[in-house]
Every structure is written in structure tokens, then in C-alpha cells.
Amino acid sequence: MVRGANIALTKELPDLARLALGVSWDAGADDALVENLVLAAILCDADGRATSPDDFVFFNQAVSTDLSVAEVESALGDDAEQIEVDLAAVPAAVARVVVVLYVNEGSPRRRTLGQLRECRVRLLDASSSTQVVASENLAPAFQHETAVVLGEVYRHRDDWKFKVVGQGYSSGIVGVAEQYGLPL
């Protein structure tokens, strides 16, 4: 899927109940970059704002307060942890789950996503580990960005959809937090 493309998940796959969003990348020989990449999710309301400061799911807070979104170890060959979403458990106040990849600020030397040769997000049916869709290689558009919104799972009427976003932030996770109303 290209940036901006979306797919009607539950309309096309009515039995889809749990999703796993994984990321694959190629950083060449830059192990320090790989060690400092973080996958996260933000649960947002209809206005695109985080529903609560506690609804930022990442390595220090691996599960959303309502238990509908979790960061889990990848058992499916992705380079990072995965974000799992239990669609039926997502509260009605949550209109979208935004998936973010960022360079941890604790990196000893400034690293950017522009150092990646490849970066793809893929969506799987978590029940069967079957791939539903995968994005194009998002890495060629990265330059000085240290965070990127990879994609979002969102409500559309009574169904769920997935959209590839690929929007980068030179201001890193701070820029993402500002955009989505998260205090850091």
C-alpha cells in the first residue's frame, strides 16, 4: 500500500477481531540506530487527540488502560515489537489507534530515520498470523526525521479501516506528542 491508501478491514474481513501491526526495516550496519528505535501507539478520540496520557502504549507502558492495545514481542519476524489491537475491546471514545516509530532520545549520537534503507509497516490478523496488507517502502522519503506516524487503524461508521500515513517529524517524539496532545 502506498502512503495515503486505506483498506476497509472489517468490511472486507468480517471475522477480523484482533490485529497485529509490525514493522520491518533495514538499517544496514548501524546497530546503534536499530537499538534505539521504538514502536508505539496512541489511542485518539474523534478530534485526533490522545484520549488520556495513559493511552500512549510503548516499552514503559506496554498496555492501554482499557487493555485493548498492547505492545508485544514479535513472534512473526518483524524487526520490532508489534502493536496488537483487540477491535471489540477498543472503547467507543477511541476513534483511531495511531502507530508511531521513533528514535529514542537517549541515543548517544544523533540518529535519524533517514539512515534507514527500508521501512515497512504490515498488518496481520493476529488470530491466524496471516498478513492482511503491507505498506510500500517508506524509508526513501525520510531525511532528518526522528519519528514517523506509520499508519492508523480507525473507525469508519460501524467498521474499522487501516491507512498508511508515513508522516515524519524532525522534532521526534516531542512533535508527535504535541500533534496528538500527549504530555511528555
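Strands (E, at least two residues) and helices (H or I, at least four) are DSSP runs, numbered from the N terminus, and two strands pair if DSSP finds at least two bridges between them. This is a predicted model, where local features need pLDDT of at least 70, side-chain atom pairs count only at pLDDT 80 or more, and totals for chains, interfaces and linings use all residues. Residues are numbered from 1 along each chain as its sequence is written, and side-chain values use heavy atoms, leaving out hydrogens and water.

**Exercise 1.** Find the order of the strands in the open sheet.

*Solution.* Step one: trace the six strands, which follow the order β1-β11-β10-β7-β3-β4 with antiparallel pairing. Step two: look at the edges, where β1 (6-8) and β4 (56-57) each have a single partner strand, so one side of each is left without a neighbour in the sheet.

**Exercise 2.** Work out how β3 is joined to β7.

*Solution.* Start with the residue ranges: β3 spans 37-44 and β7 spans 96-103. These antiparallel strands are joined by eight bridges. Now pick out alanine 41, whose bridge partner in β7 is valine 99.

**Exercise 3.** Describe the largest nonpolar core.

*Solution.* First, the term: such a core is a set of buried (under 20% relative accessible area, 1.4 Å probe, protein chains only) Ala, Val, Leu, Ile, Met, Phe, Trp, Tyr and Cys residues joined through side-chain atoms within 4.5 Å. Next, the count is 39 residues, and Leu116 and Phe162 are among those with the most contacts inside it. Finally, another core of 18 residues lies apart from it, including Val38 and Ile173.

Conventions:
Buried means under 20% relative accessible area, exposed over 50%, partly exposed in between (1.4 Å probe, protein chains only).
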